[in-house]
Amino acid sequence: MKIEIKSKDGLGMLAAFAQKVGSTIENGRVEVPEEVGGGFIQGYSFDERLRMMILNYQLHEDFAISRSNQPTHMLLFNFQHIINSPLSQTGAKFQPSVQITTQGINVELFIPKNTIQNSISLSIDASYLRELIGTRIDHPLVNTILENKHPLLFEELVCIPLLEVVDDIVTSKVPILLQDFYYKLKAQELICQLLISLVSRDEKKVHALNIADIKMLYQVKERLLDNLAEAPSIAELSQFSGVSETKLKRLFHQVFGKSVFQYFQNFRMQEAARLLREKRLSVSEVGYQLGFSNLGHFTKVFEAVIGVKPKKYSQLGHEVI
């Protein structure tokens with residue numbers, strides 16, 4: 001199944017998706033019929049400058065989404081693995097994160113059957129976002145995003161305040177008459193919380209990306225997360241990706257905001273926290289499972305990333321920080 005989106009008005013995805021799955025649009029929502037999958041897509045088009053799409057579904061058939069004729073002045077924010085629902089998946093590869101893309105970067109997206117789509121997607125006019133923020137923010141990375149002159153992509157792990165906004169979006173019961181007003185404010189709040197995270201980055205210069213760069217970086221990310229008990233070396237990743245170590249390190253840090261090893265350790269500790277919280281494993285079991293032979297070192301790394309020692313985290317049933 002291939003879903004092709006050509007519309008610029010923000011409703012193209014809903015219409016194309018509804019047609020392909022044999023459903024209809026009602027109040028901006030498409031319910032996926034049981035015979036082809038489950039879940040829904042909900043769209044809000046506040047005006048031509050800001051739109052939001054909530055996706056929480058799966059299909060029993062492989063499908064691809066391709067976009068064409070998409071406007072280049074729009075910034076796209078895709079909050080992934082973000083909705084807490086019966087369709088949610090857990091594990092290191094499903095940590096909540098957000099992708100920011102500029103200048104109409106669009107890659108055909110292939111989704112294998114029964115893959116859960118769990119995200120909130122926002123598109124906002126770059127000049128409108130600058131209007132909302134004002135001219136007082138003087139941060140190289142934020143300004144580069146707002147200028148929207150080059151094809152760029154960034155990914156950021158999601159923080160607790162942002163998850164709280166998502167929970168409001170998904171669970172609030174808002175009268176139909178006030179829905180556009182309410183969800184428009186929440187969409188802006190999501191973007192604000194994301195920018196709060198981005199201003200902690202220290203990039204002073206960014207490099208334009210092409211589709212090959214993006215595919216390469218996400219293949220490297222996948223390789224990193226395949227085995228959290230042992231990190232591959234930069235040399236191994238360079239050989240795997242087919243680019244120099246210098247280019248790999250530069251582009252990886254630019255897109256993900258951390259060095260390769262910092263990123264690996266962060267995901268490793270988030271998975272440790274999940275195993276302590278959800279699987280109720282002991283600290284030693286988690287440490288050894290994630291490749292630490294020295295539990296003292298595991299405790300030190302865990303505290304540096306999560307903020308508390310693993311034993312205390314386990315006792316408190318602490319939420320991921």
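What percentage of the 321 residues in the protein chain is buried? Buried residues make up 47% of them. The model is predicted, and the legends below describe the whole chain and then several close-up views.

**Figure 1. Overview of the protein chain, with its twelve helices and eleven strands.** The accessible surface of the chain comes to about 16,000 Å². Carbon and sulfur atoms account for 50% of that surface. Among contacts with a separation of 6 or more, 69% are between residues 24 or more positions apart.

**Figure 2. Strand β8 (residues 97–101) and its two partner strands.** Strand β7 (residues 74–80) pairs with β8 in the antiparallel sense, over five bridges. In this pairing Q80 stands opposite S97 of β8. Strand β11 (residues 153–157) also pairs with β8 in the antiparallel sense, again over five bridges.

**Figure 3. Side chains of strand β8.** S97, Q99 and T101 point one way from the strand, while V98 and I100 point the other way. Residues on both sides are buried. Because five of the five residues of β8 are buried, the strand is largely enclosed by the rest of the structure.

**Figure 4. Salt bridge between E131 and R49.** The twelve salt bridges counted in the model include this pair, in which N and O are 3.7 Å apart. E131 lies in helix α2 (residues 126–133) and R49 in the loop between β4 (37–47) and β5 (50–59), so the pair ties together parts that are 82 residues apart in sequence. E131 is exposed, with a relative accessible area of 56%. R49 is partly exposed, at 27%. Side chains of opposite charge can pair when their charged atoms come close.

**Figure 5. Salt-bridge network of E271, R274, R277 and E278.** Salt bridges link these four residues in a network. One of the links joins R277 to E278, with their closest N and O atoms 3.4 Å apart. R277 has a relative accessibility of 19% and so counts as buried, the cut-off being under 20%. E278 counts as partly exposed, with a relative accessibility of 37%.

**Figure 6. Salt bridge between E303 and K309.** The side chains of E303 and K309 meet with an N to O distance of 3.3 Å. E303 counts as partly exposed at 32% relative accessibility. K309 also counts as partly exposed, at 44%.

**Figure 7. Nonpolar surface patch made by L177, L178, F181 and L185.** The patch covers about 480 Å². One of its residues, L185, has its place in helix α5 (residues 179–198). L185 is partly exposed, with a relative accessible area of 44%.

Figure 8. Leaving aside residues up to four places away in sequence, R223 touches P232, L237 and F240. R223 is partly exposed, with a relative accessible area of 33%. S241 is 18 residues from R223 in sequence, and their C-alpha atoms are 9.9 Å apart in space.

Key. Residues numbered from 1 in each chain as written. Predicted model: local features only at pLDDT ≥ 70, side-chain atom pairs only at ≥ 80, totals over all residues. Heavy atoms only, no water. Helix = DSSP H or I, 4+ residues; strand = E, 2+ residues; numbered from the N terminus. Buried < 20%, exposed > 50% of the residue type's maximum accessible area, 1.4 Å probe, protein only. Contact = heavy atoms within 4.5 Å. Areas by Shrake-Rupley, 256 points an atom, 1.4 Å probe, with all protein chains shown as cover. Patch = residues over 30% accessible without salt bridge, like charges linked within 9 Å, V, L, I, M, F, W, Y side chains within 5 Å. Pairing = 2+ DSSP bridges.
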